[in-house]
Structure formats: structure tokens, C-alpha cells
Amino acid sequence: MEALDLKNFEYNIVVRPLSMDDFEQLRAMALLCFPGIPAWSREQIASQLKIFPEGQIVIEIDGRLAASANNVIINYDTKHQWHNWQAVADNGYIRNHNPKGDTLYGIEIMVHPDFRGMKLSRRLYEARKQICREKNLARFIIAGRIPGYHQHADKMSASEYIESVLNGANYDPVLTAQLSNGFSVRGLIPNYLPDDKESCGYATYLEWTNLDHQAGAKRRFHSLVEQIRVCVVQYQLRSISGFEEFMKQCEFFVDTASDYQSDFVLFPELFTTQLLSCVEATRPGQAARQLAAFTPQFLDFFIDLAVKFNVNIIGGSQFVIEDDILYNISYLFQRDGTIGKQYKIHVTPSERKWWGVNPGKKVEVFETDCGPIAIQICYDIEFPELTRIAASKGAQMVFVPFNTDTRHGYLRVRHCAQARCIENHMYVAIAGCTGNLPFVENSDIHYAQSGIFTPADMEFARDAIAAECNPNVETIIIHDLDIEQLRRHREAGSVQNWNDRMLDYYQVVYNEDGGEFRV
């Protein structure tokens, strides 16, 4: 079997400015999203693009327009006619746009029905919040439809319906999404869009406050905190009936991480071995190749999760056959729809003996929307040279999916992960499996205490442990890591391991892509 072409599994997701070339697709999408409500005219879109081009945003997926958001900047005034869409948006022409204003007003947001359920509205809201940060705007205001209200209008008032959504008693496809994106309800607007039969003409008045706003400043002030949110899954292996049950368990964890707005989710090494409980028992070497047959489904499933839940996923690891050679590979599924892979470089004696796994030959560093990261599978973290190479390529964080059967094996991974943090001034997250698979040879028992580790210095957590799971229970941990703090530590920490290497005495020498490199 040849190596799988990952481009066959990838999405091409682009968040970009709207252009006039998008007009026909935009209009068709509006007619689908808002039946009975007049769609944008070509003149309105042309006016928006002429006056505030960077404020008109679309998401394109595989060449199709999937979602859009239109905006205008105004000056906040409590006497403003927020209840009057035509006044605030200048009937869609935004000639009232004020580049020196302090408030971003969201005119419209829509997601094509074919792409709903992929949390594209979150991406658009994040893009609009970024406009607020870059332009030092104090707030972001929207008037949101409540399209679920018409189903309850005979039983409760609009204000009672909104209260029920706030309390979680009812779900509204628009308001619920807006609340999850950090907006607060400030009021109820009657007769906002009289043609909106689903909302019975009502809309909510919602506000998001820009905590980075500097009053009186003419430009954006960069925050001294640059955080990324990491979710680590301590996954319990159990017998399952098929791939669908495996999917259900994995989606639960990704959905939970997404609800907490995580940037990364890390699964353990070879957590896919539970799939061997639902195939015919055979010798370990043949079983590993049976497991590899699930790889196309595995890739399809996890890239869909990454895009749908808007989170970068380190998919543990999986056996893969390439040119009839068996490898242990960790895939990175990015929320922009792309896929990367890292081969396990150091194969343990038991992997070689029982399964016939072969080693990879290259340390990858992946560019993500949260900075460069590396992946080192289990045993690889026990070789400091690999992390030195990753750090030299710019990695700020290493994700370590591991799978160990005893506490001794786990401690080797843990202690080496903590050492790599100190040596290279970086964060390391480790995720392992718990539970038992009684009928799967060489993967029958497991021991794990997953965690997120930091360098050991005063500005980091005590014991250099940012967060850790209780041992041997299925759970997750979620923690924020400050990349700016890491940079400052590397430049001015109590000790400077990276800068104090004696390169005239020793170096790491490695061969890659036909060349020799030294670190």
C-alpha cells in the first residue's frame, strides 16, 4: 500500500475579505438563509467594500462561499437608534461608517445551510473581535435574530423566551451561538426586521466588551499575555462494537474541548487499539495491520472534527502501512482543514518484537494558528536530541501522546518531558491511555497520569506542573499557557539552558533531506 495522500482528506478553509466576485454566491446564500427577507443588492455590497473593505468577511471552503459577516464602525451613543437596523446600517450602504469610532456594529452574519454545524459563526465572531482589538475599539454590538421564537410565541412573550434561552431551558440557533461566543444580552428590540417571521420581528441587543481596549489610544496596544488553551485527554480503553462507537467517544471529548474554546486537543498514543476488540483476534503483527486498515476512516473523521469544532487536534497515533512498511504515526488535524504527520522515530523493543513497527527519520515542526509546535510520540520524548532539533526549528510546545502499561514506563515519559521543558524553555503536554483490553496482546493493560508541564522557574507553576490528571481515570484537563511568558523566560530566566550550551564542545548533528545540520 502506498502512502496516503493527505490532501485527499483535507479541507481548504480560507477566512478572507469579501470581494465583488463573491456577489452572486453571497446573494444565493442570503436567499437560502433568510427566506422572505430581501437579499443584499449589488449597490449595497459595492458601497460596503468601498467604505470599509476590511470589515466585510467571508469564509470559503473548497472554493464555495460558506459564511459571511458584514460590519460598520460607529461612535457609541446611548441615544443611538439601536432598535432601527436601517438607521444603524444606513440601509446596508454604511455611509455612516466612522473610522475614528469606538464601536463595531455587526450588520449581518450568515452560514450556508450546507455548512451548518461546523461552528463557522465562531470563526466569524473571532475575526470581528480581532478587528476590535486591532483598531482599539471598545465594544462589538450586534442585534441578533431569535428564529426559534415563533415556535413558542403562543406560549410566552419574547422577553420570557430570551430568559428561557439564557437559563438553558430552550435552544435558539442564533442566540445560543452568540451567548457561547461571549456576548451579553443588553435588551430586546421589537419591530427590528418586520419581515422576519421566524423571530416575529424581534431581535436581541447584544454586546461584547473588548478587554484590550485602551481609552484615548490611537492604536492597538499589544497585550503582555499571549495565551493558548490546551486540552489533554486521558482516554480509557474499553472493548467496543465498531468504529461508530469509537467515533462517539472521541467526538464527546472534542466537543467538550470546543465548548471550553480550547486551541489544541491531545489524544494518547495508539488509543485506536480499542478497535482491535471488534475485529477477529489474530497474531499481534497481523492485528497491527488490521488496525492500519482503519486509517482512511480515522483521517476522514478527525479532520471533520477539527473543522466542525474549530480546534486543532493531535490525534494520538495510529498504525499506518506505507509501501508495505508499518509505521506509528501521529497526525495533526488543524482547524484550517490541513493535516500534518509525525512518524515515531524511536521504536520500543516491544513494538518492534510484537508488531513489527519501523522508525521514521525526520523531526517535523508544524506552523499552527497558535505558533510552531512539535509532536513526539511516547519513547521519542526520552531522547533529548529530538527536542533540541525541534526547538532549533522554532517549536514552542511539544505534544506527547504516550501509551504505557506500568507506572515505571509512565514515569520515564513524565520525567523526560519535564526535563525537556527545562532544557529548551518550552511547554510539554503528555496524554496517555487508561483501562484494559483483555483480548488485545501487547495492549492489554495501561497506566497514565497525563499532564501539562512548564519550565521550572519562579514565574511558572509550583513543581513546574501547569495541570495534571488523577492517575488511571478517564478525564480531561484544560489549561491556558502563556507564550509571551515563555519567550521572556528564555531571554531572562534564572538559568538559560539554551543560550548557555557549549557549542564549541558539543553539538547535536543530524542528517535530514540530504543535508547535515548542527544544533
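Which residue is the bridge partner of valine 15 in E2? The views below are of a predicted model, in which local features need pLDDT of at least 70, side-chain atom pairs count only at pLDDT 80 or more, and totals for chains, interfaces and linings use all residues. Residues are numbered from 1 along each chain as its sequence is written, and side-chain values use heavy atoms, with hydrogens and water left out.

**View A. Pairing of E1 with E2.** Isoleucine 59 is the bridge partner of valine 15. E1 and strand E2 (residues 57-61) pair in the antiparallel sense over five bridges. Strands (E, at least two residues) and helices (H or I, at least four) are DSSP runs, numbered from the N terminus; two strands pair if DSSP finds at least two bridges between them.

**View B. The open sheet of seven strands.** The strand order is E1-E2-E3-E4-E5-E7-E6, with mixed pairing. E1 (13-17) and E6 stand at the edges with a single partner strand each, so one side of each has no neighbour in the sheet. Neighbouring strands are turned by 25° against each other on average, direction ignored.

**View C. The buried face of helix H5.** In H5 (residues 158-166), Ala158, Tyr161, Ile162, Ser164 and Val165 are buried (under 20% relative accessible area, 1.4 Å probe, protein chains only). Seen down the helix axis, these residues fall within an arc of 160°, so they line one face of H5; the arc is that of the directions from the axis to the C-beta atoms.

View D. H5 lies across E6 and E7 and runs at about 165° to E6; axes are lines fitted to C-alpha atoms, for helices over the stretch in contact, and angles run from 0 to 180 degrees between N-to-C directions. Glycine 168, with a positive phi near 85°, follows H5.

How values were computed. Buried means under 20% relative accessible area, exposed over 50%, partly exposed in between (1.4 Å probe, protein chains only). Contact means heavy atoms within 4.5 Å.
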